[in-house]
Amino acid sequence: MASRAEKREKVEEIKQVMTGAELWIVSDFRGLAVTEMQGLRRTINESGGQFGVTKNSLARIAAAEAGLDAAIPLFDGPSAITECHDDLVGPAKALWDVFQRDDRWVIRGGVLNGELISVDQVQKLASLPGREQMLAQVVGGIEGPLSGLVWTLDRVLSGLVYALQGRLDQLQESNA
């Protein structure tokens, strides 16, 4: 059995996740085999998140201490927390994909920037394009107009060079 100090340390770790992550999602992992859990953990880690099983009583204490009382009901039954920092969509998408494939998996909800979000909101977040895809879309959106600007400036400068060359030729002919 864990000592009081160990439990206090674990509560602090959970509270750090709850206050430090931009998004964290609570799910029920009942019925998943160890190999399935390892595969899920690996997928979520590869997408920039972290996945960990948590003890409900300690998670409830951490949520209360973090001022997230609305999240306390999420911790009912076997619970796991998926935390997301830089890329919110990738880990949510990885978790949602497992939820779609396996009816034993239950997403209970989450907290986004300190606000409780529903399963539907987690699903909407998971349906967004990933960080890499969004960056590619931004670059593509910038590239088109910039290419047009460069082409236009090239044509204007070329026209100016031809006009100056023509004038220079005229001046040389009149001096000859």
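Is Arg-8 buried, partly exposed or exposed? With a relative accessibility of 35%, Arg-8 is partly exposed (buried means under 20% relative accessible area, exposed over 50%, partly exposed in between, using a 1.4 Å probe and protein chains only). Before going on, note that this is a predicted model, where local features need pLDDT of at least 70 and side-chain atom pairs count only at pLDDT 80 or more, while totals for chains, interfaces and linings use all residues. Residues are numbered from 1 along each chain as its sequence is written, and side-chain values use heavy atoms, leaving out hydrogens and water.

Now look at who Arg-8 pairs with. Its salt-bridge partner is Glu-12, with the closest N and O atoms 2.6 Å apart (a salt bridge is a side-chain nitrogen of Lys or Arg within 4 Å of a carboxyl oxygen of Asp or Glu). The two sit 4 residues apart in helix H1 (residues 4-20), so about one helical turn separates Arg-8 and Glu-12. Helices here are DSSP runs of H or I with at least four residues, and strands are E runs of at least two, numbered from the N terminus. Glu-12 also meets Lys-15 in a salt bridge, at 3.5 Å from N to O.

Next, find Asp-28 and Arg-108, which form a salt bridge at 3.2 Å between the closest N and O atoms. This pair links distant parts of the chain, with Asp-28 in strand S1 (residues 23-28) and Arg-108 in strand S4 (residues 106-112), 80 residues apart. Both Asp-28 and Arg-108 are buried. By the salt-bridge rule, the count comes to 6.
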